[in-house]
Amino acid sequence: MLNLHFLFDSLMTDRSDGPIGRLPEHLLVEIFIRAPVCEWVQIACVNKQWASIFQGDCLWQTAIARNWPSAGLRKRWPGPIPRGSARRRFQALYVSENLVPSGGEIDELVGHTYLYLKEQLERPAMPPSSILHGTIIDQFIAYGKTGEKAHDLASKIWLAVIDGLEENQQTFLLLKHLAREGEFFLPFPYSRSYKVLWRVFDKLFTDFRDCFSRADYHDALSTAKSRFQPVPSTWLGH
């Protein structure tokens, strides 16, 4: 049996003329997918051949088959959020298993929806959050979810995306934008989650309090008080 610990250590120092570099591509794929996912970016940077392996579909399809054997049996779904490439599918399955709580169930569509929402929020010209939320709800309903289940999944995805944002100026501006957006009186399940809006303000007033100007802070606090009563003392700086 191959000593995987030795192989993983060798991956970072090997080159195309080393013992690992001379292996056939299908064996390299089998080695790579057994390395921790957090090291894949480093492995892909070792040489051009390995980078090309990570750019192709074979590695990702193999990794999906190894980690989620039943994923290939799942039907495609209608709606605006596509499955995409094998690499995209791997990312979605990984997100569903590790980032969005779903009672132990791996739901590929949940992962794709997370990736879709995260990418939309990172766009320079972000669509209104009500449009994004409506798109997510429509996607889950088209997939056969009930309105209640669609609303619950959408809320979990929003919370996971918001919690995963880096603490930087771009995130501060995004959260401030989401906090300022007006409320739309939409029917259930298109009504947006109270928990999500709470999390937006909570991150603003705890993680980004020092980023506010005095005037902007009081404006944001006034908006928060109009939506939540009472507001936590931590939002007041206590």
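The following legends describe close-up views of a predicted model.

**View 1. Helix 7 and its N-terminal cap.** Helix 7 covers residues 108-121. At 1.5 Å a residue, its 14 residues should span 20 Å, and the end C-alpha atoms are 20 Å apart, which agrees. D107 caps the N-terminal end of the helix. In this cap, a side-chain oxygen of D107 lies 3.1 Å from the backbone nitrogen of L109.

**View 2. Surroundings of helix 7.** Twelve of the 14 residues of helix 7 are buried, so the helix is largely enclosed by the rest of the structure. The buried residues are E108, L109, V110, G111, H112, T113, Y114, L115, Y116, L117, Q120 and L121. They pack against four helices: helix 6 (86-98), helix 8 (129-142), helix 9 (147-163) and helix 10 (169-180).

**View 3. The largest nonpolar core.** This core holds 47 residues, of which W158 and F205 touch the most other members. Helix 6, helix 7, helix 8, helix 9, helix 10, helix 11 (194-207) and helix 12 (214-227) each supply at least two residues of the core. Helix 9 gives the largest share, nine residues.

View 4. Not counting residues up to four places away in sequence, F205 touches F212, Y217, A220, L221, A224, T234 and W235.

**View 5. The loop at V37.** V37 sits in the loop between helix 2 (25-32) and helix 3 (40-44). Leaving aside neighbours within four places in sequence, V37 is in contact with F90 and Y94. V37 and Y94 are 57 residues apart along the chain, and their C-alpha atoms are separated by 9.7 Å.

**View 6. Cysteines C45 and C211.** C45 has a relative accessibility of 61% and therefore counts as exposed. C211, with a relative accessible area of 37%, is partly exposed. A disulfide is a covalent bond between the sulfur atoms of two cysteines. With a cut-off of 2.5 Å between cysteine sulfur atoms, the count of disulfides in the model comes to zero.

Methods: Residues numbered from 1 in each chain as written. Predicted model: local features only at pLDDT ≥ 70, side-chain atom pairs only at ≥ 80, totals over all residues. Heavy atoms only, no water. Expected span 1.5 Å × (residues − 1). Buried < 20%, exposed > 50% of the residue type's maximum accessible area, 1.4 Å probe, protein only. Contact = heavy atoms within 4.5 Å. Polar contact = N/O pair within 3.5 Å; in protein donor to acceptor, adjacent residues only side chain to side chain. Core = buried A, V, L, I, M, F, W, Y, C linked by side-chain atoms within 4.5 Å.
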